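Hi,

Here is the structure I promised to pass on to you.

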Amino acid sequence: MDLVVLEKALIGLFVAIVVAITVSKFRGKRFKLPPGPFPVPVFGNWLQVGDDLNHRNLSDLARKFGDIFLLRMGQRNLVVVSSPDLAKEVLHTQGVEFGSRTRNVVFDIFTGKGQDMVFTVYGEHWRKMRRIMTVPFFTNKVVQQYRQGWEDEVAAVVQDVRNKPEASTTGIVLRRRLQLMMYNNMYRIMFDRRFESEDDPLFVKLKALNGERSRLAQSFEYNYGDFIPILRPFLRGYLKICKEVKERRLQLFKDYFLDERKKLASPKSSDNNELKCAIDHILEAQQKGEINEDNVLYIIENINVAAIETTLWSIEWGIAELVNHPHIQQKLRNEIDSVLGRGVQVTEPDTHKLPYLQAVIKETLRFRMAIPLLVPHMNLHDARLGGYDIPAESKVLVNAWRLANNPAHWKNPNEFRPERFLEEEAKVEANGNDFRYLPFGVGRRSCPGIILALPILGITLGRLVQNFELLPPPGQCKIDTSEKGGQFSLHILKHSTIVAKPRA
Ligand code: HEM
């Protein structure tokens with residue numbers, strides 16, 4: 001059986017080579033393509049550049065080929081832009097032209113071919129989904145409605161850590177407890193639900209399925225079948241696992257959360273705005289016939305990934321940098337003590353009075369961007385960019401990490417120095433007011449969750465630092481901050497053990 005597949009693959013490969021050569025000759029005449037390594041038929045540049053197209057490797061290629069370059073990855077065109085001007089062009093000036101998303105074979109599965117919001121092309125469906133999600137998720141009213149809940153969640157983290165004697169001696173993997181906190185922060189908004197402990201069986205199941213989804217989607221190991229369709233039969237096993245995980249996950253969302261909420265929502269309570277949680281708003285849109293149940297489930301899927309993981313990774317990076325820079329940690333603690341008074345617990349309104357806390361958050365998002373290549377953009381039609389032709393349906397990556405870490409544009413970018421955001425970069429905000437700094441993107445497809453992410457980061461880091469001295473485990477002077485990049489994500493490779501000494 002495998003031999004038959006192999007034989008077919010080889011014949012197909014031969015045909016594809018002939019077609020590719022013909023097409024590339026034909027295309028070469030028509031298009032002025034961006035520079036890049038010379039592609040070979042069928043494989044393009046894949047064999048030259050490899051699979052691991054993370055932000056650092058793409059920065060190296062930018063140094064070689066320039067601020068805009070093109071990689072042919074098998075059948076797919078990948079355009080990478082690495083300058084503020086070109087980022088502005090993609091995200092702002094030509095925001096409509098480049099406002100769609102590419103999906104690959106795996107994201108096709110997890111998003112039902114774009115029935116969600118994050119991975120859908122720019123158009124009517126995206127506009128509708130973004131509108132429907134705005135009121136329940138992305139307004140200041142939501143922040144004010146839920147911020148006390150977030151404050152309670154982090155207070156519970158502080159209490160739990162205090163109750164663990166080993167936290168102050170050998171240390172704990174703080175991230176595990178913070179993960180529960182992030183789920184609770186978002187599940188309160190979505191379903192008015194929370195999980196009692198890290199051992200809650202439903203939480204354990206949910207966390208495992210979400211983790212598996214992320215691992216499968218962000219991995220580079222399926223690139224070959226995505227780039228070279230003829231090799232796709234060899235990917236069958238991988239795609240089957242993706243489909244199973246997707247089904248089990250959506251079923252879990254439906255059985256344990258959506259259907260439970262539907263049972264609870266009486267007509268009386270849904271009239272009362274105060275009692276509504278996000279999913280009630282979304283279900284109303286479904287009842288009005290604006291979206292279907294699959295769309296509802298994909299909204300839940302999007303929030304599980306886009307909101308929880310990104311914020312958790314950023315918190316984890318923030319803690320890692322604070323542990324490795326004790327003087328910065330102490331300066332932050334001093335600020336909180338002197339502005340609020342010792343022992344007065346940081347709340348969301350307080351975060352606006354703490355400029356150094358804001359600077360620490362900005363610097364974390366600059367140096368350790370959770371989504372360093374943004375979510376891939378795409379042009380539905382042939383387009384022009386930086387004087388070059390961009391063929392329709394190219395995957396367009398904005399290397400936001402490079403923009404924010406380029407020594408030509410930043411003073412000592414390799415140094416973790418929050419002070420830069422109080423000194424030479426004092427005017428730079430995280431909302432995209434400067435095209436050198438786009439941790440949440442900017443423009444039509446920018447992150448709407450910034451309005452929730454920034455206060456959650458402020459409350460969480462603020463409370464941890466004011467209640468504990470955060471240190472590396474005994475015998476280590478720093479924690480390991482090796483990175484793990486994915487298709488477009490960046491998180492810490494090892495979830496470190498951290499000593500959290502309660503302040504006397
Ligand atoms: C520190 C935390 C976060 C970071 C660093 C982050 C970053 C990003 C980035 C870079 C994008 C893509 C922008 C682009 O392609 O131009 C994005 C998109 C998105 N984010 Fe976030 N995000 C965070 C938290 C959140 C939260 C809390 C939510 C929801 C509650 C959220 C929901 C979304 C959605 C729905 C999109 C897709 C927007 C679209 O395609 O129209 N994010 N995020």
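The ligand is surrounded by 25 residues, and the closest of them are Arg-101, Trp-126, Arg-130, His-377 and Cys-447. Please keep in mind that this is a predicted model.

The side chain of Arg-101 has an N or O atom 2.8 Å from an oxygen atom of the ligand. Trp-126 also places a polar side-chain atom 2.8 Å from a ligand oxygen, and for Arg-130 the distance between a polar side-chain atom and an oxygen atom of the ligand is 2.8 Å.

Next, the iron. Its single donor from the protein is the SG atom of Cys-447, at 2.3 Å. You will find Cys-447 in the loop that runs between helix 18 (400-404) and helix 19, so named along the chain from the N terminus.

And which helices each supply at least two residues of the shell around the ligand? They are helix 6 (124-137), helix 14 (293-324) and helix 19 (450-467). Helix 14 gives the most, with five residues.

Finally, the make-up of the shell around the ligand, by class: 16 residues are nonpolar, six are polar and three are charged.

Best wishes

Conventions: Residues are numbered from 1 along each chain as its sequence is written. This is a predicted model: local features need pLDDT of at least 70, side-chain atom pairs count only at pLDDT 80 or more; totals for chains, interfaces and linings use all residues. Side-chain values use heavy atoms; hydrogens and water are left out. A residue is near a molecule or strand if one of its heavy atoms lies within 4 Å of it. A polar contact is a pair of N or O atoms within 3.5 Å; within protein, one must be able to donate a hydrogen and the other to accept it, and residues adjacent in sequence count only if both atoms are side-chain atoms. Helices (H or I, at least four residues) and strands (E, at least two) are DSSP runs, numbered from the N terminus. Ala, Val, Leu, Ile, Met, Phe, Trp, Tyr, Cys and Pro count as nonpolar, Asp, Glu, Lys and Arg as charged, and the others, Gly among them, as polar. Donors are N, O and S atoms within 2.8 Å of the metal (3.2 Å for Na, K and Ca); water is not among the atoms, so sites may look incomplete.
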